[in-house]
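Please look over the sequence and the model before reading on. The paragraphs below are meant to be read with both in view.

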Amino acid sequence: MTTATAAERPVRKGAPALAGAPRRPGRIRRAGLPYLLLLPALLLELLVHLVPMVIGVLMSFKELTQFFIRDWGTAPWNGLANYSVSVDFDAPVGEALLHSFLVTLAFTLLSVALCWLLGTAAAVFMQDTFAGRGLLRALFLVPYALPVYTAVITWVFMFQHDNGLVNHVLHDQLHLTDQPSFWLIGDNSFYALLVVSVWKGWPFAFLIVTAGLQNIARELYEAAALDGAGLWQQVRRITLPSLRPVNQVLVLVLFLWTFNDFNTPYVLFGKAAPEAADLISVHIYQASFVTWNFGTGSAMSVLLLLFLLAVTGVYLAVTSRGRRTADA
């Protein structure tokens, strides 16, 4: 009775391949199919983001004014002159940019802090089961779900001096002010912008923190309650340490979004934002599309990009070091 060799033996369907056997072309094609399907989206991302970024960097080195809009490639090479003008804080252009940067920084820090505080407090409050919790959660997410333009335009009407809802409540009903306030001009414009930013931004923090709270075991709170820990002690000793990875990402995303926010101040104030609410995004827009000095505006944009990259790198380095220290 003869025994069939390995080459003559039939291969059963689904049997594992022998060690050292060459991979089949079909298996290689199946392994590369996901990357092939992702290729159009990757190319589109590069086209939408990378190409304009490279063009913007090139524009920052040119003397690109309204005289070269028709053919910006013929604009003379300006070297680092646009950057020198932007960072010369003794000159009008640099001084205005520095003021806009400081206003944006103060606005971003306050907005991010309030969004995180309100979102975390609401998420902790909504952890307990009570009647109407689902409806209240849906109402909390309404500002985040509304289109930005619809929400901000509504706030524009509410901040009107003569017939706005804000002045009607504060002055006519509560009598907290001596006279109706101008909210969209002057120093009050900063607070109006801050209110709108927090109103439409805190539901995102609420959503992220709520998702993070689902990973905390309820037994920890029950054990802490048996040991006599109150609500504040539970939040301080259990909730906040457990949410540290979530909060690290949340704060960074909120900072980048708020610092780069253009839609909110543009819809709220128009092309000419008040000096107290002159965010750097609107300032760069004015430097580019109002004064028609695209070279200087591009240089300001590149400086903003470098600042955000530096802040992101430092923040990630500090938070990752703190995480390693806490885990050690």
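This is a predicted model: local features need pLDDT of at least 70, side-chain atom pairs count only at pLDDT 80 or more; totals for chains, interfaces and linings use all residues.

Residues are numbered from 1 along each chain as its sequence is written, and side-chain values use heavy atoms, with hydrogens and water left out.

The protein has 14 helices and zero strands. Here helices (H or I, at least four residues) and strands (E, at least two) are DSSP runs, numbered from the N terminus. Of the 328 residues of the protein, 34% count as buried. Buried means under 20% relative accessible area, exposed means over 50%, and partly exposed is in between (1.4 Å probe, protein chains only). Among the contacts with a separation of 6 or more, 65% come from residues 24 or more positions apart. A contact means heavy atoms within 4.5 Å.

How are two packed helices described? They are described by the angle between their axes and the distance between the axes. Axes are lines fitted to C-alpha atoms, for helices over the stretch in contact, and angles run from 0 to 180 degrees between N-to-C directions. Angles under 35 degrees count as roughly parallel, over 145 as roughly antiparallel, 65 to 115 as roughly perpendicular and the rest as oblique.

Take helix α3 (residues 92-125) and helix α11 (residues 244-259), whose axes come within 9 Å and cross at roughly 140°. That angle makes α3 oblique to α11. The crossing of α3 and α11 is right-handed. A crossing is left-handed if the near helix is turned anticlockwise from the far one by less than a right angle, and right-handed if clockwise. On the α3 side, the residues that meet α11 include Phe101, Leu105, Thr108, Val112 and Trp116. On the α11 side, Asn247, Leu250, Leu254 and Thr258 are among those that meet α3. By class, the contact of α3 with α11 has twelve nonpolar, five polar and no charged residues. In this scheme Ala, Val, Leu, Ile, Met, Phe, Trp, Tyr, Cys and Pro count as nonpolar, Asp, Glu, Lys and Arg as charged, and the others, Gly among them, as polar.

Helix α8 (residues 188-213) also packs on α11: their axes come within 10 Å and cross at roughly 160°. The two helices α8 and α11 are therefore roughly antiparallel to each other. This crossing is right-handed. Ser197, Phe204, Ile208 and Val209 are among the residues of α8 in the contact, and they face a set in α11 that includes Val246, Leu250, Leu254 and Trp257. The contact of α8 with α11 divides into nine nonpolar, five polar and no charged residues.

Val209 belongs to helix α8. Is Val209 buried or exposed? Val209 is buried, with a relative accessible area of 0%. Leaving aside neighbours within four places in sequence, Val209 is in contact with Thr120, Ala123, Leu243, Asn247 and Leu250. The C-alpha atoms of Val209 and Leu250 are separated by 8.5 Å, although the two residues are 41 residues apart along the chain.

Ala113 is found in helix α3. Ala113 is partly exposed, with a relative accessible area of 43%. Its C-alpha atom is separated by 9.2 Å from that of Val198, which is 85 residues apart from Ala113 along the chain.

Ser288 is buried, with a relative accessible area of 8%. Not counting residues up to four places away in sequence, Ser288 touches Asn293, Phe294, Gly297 and Ser298.

Thr319 is found in helix α14 (residues 294-327) and is buried, at a relative accessible area of 14%. Which backbone oxygen does the side chain of Thr319 reach at 2.8 Å? It is the backbone oxygen of Tyr315. The backbone oxygen of Leu316 lies 3.1 Å from a polar atom of the side chain of Thr319.

The loops remain. Most residues other than glycine have a negative phi. His175, in the loop between α7 (165-173) and α8, has a positive phi of about 55° although it is not a glycine. At 59% relative accessibility, His175 counts as exposed. Trp292 lies in the loop between α13 and α14, and its phi is near 60°, a positive value in a residue other than glycine. Trp292 is partly exposed, with a relative accessible area of 40%.

Technical notes. A polar contact is a pair of N or O atoms within 3.5 Å; within protein, one must be able to donate a hydrogen and the other to accept it, and residues adjacent in sequence count only if both atoms are side-chain atoms.
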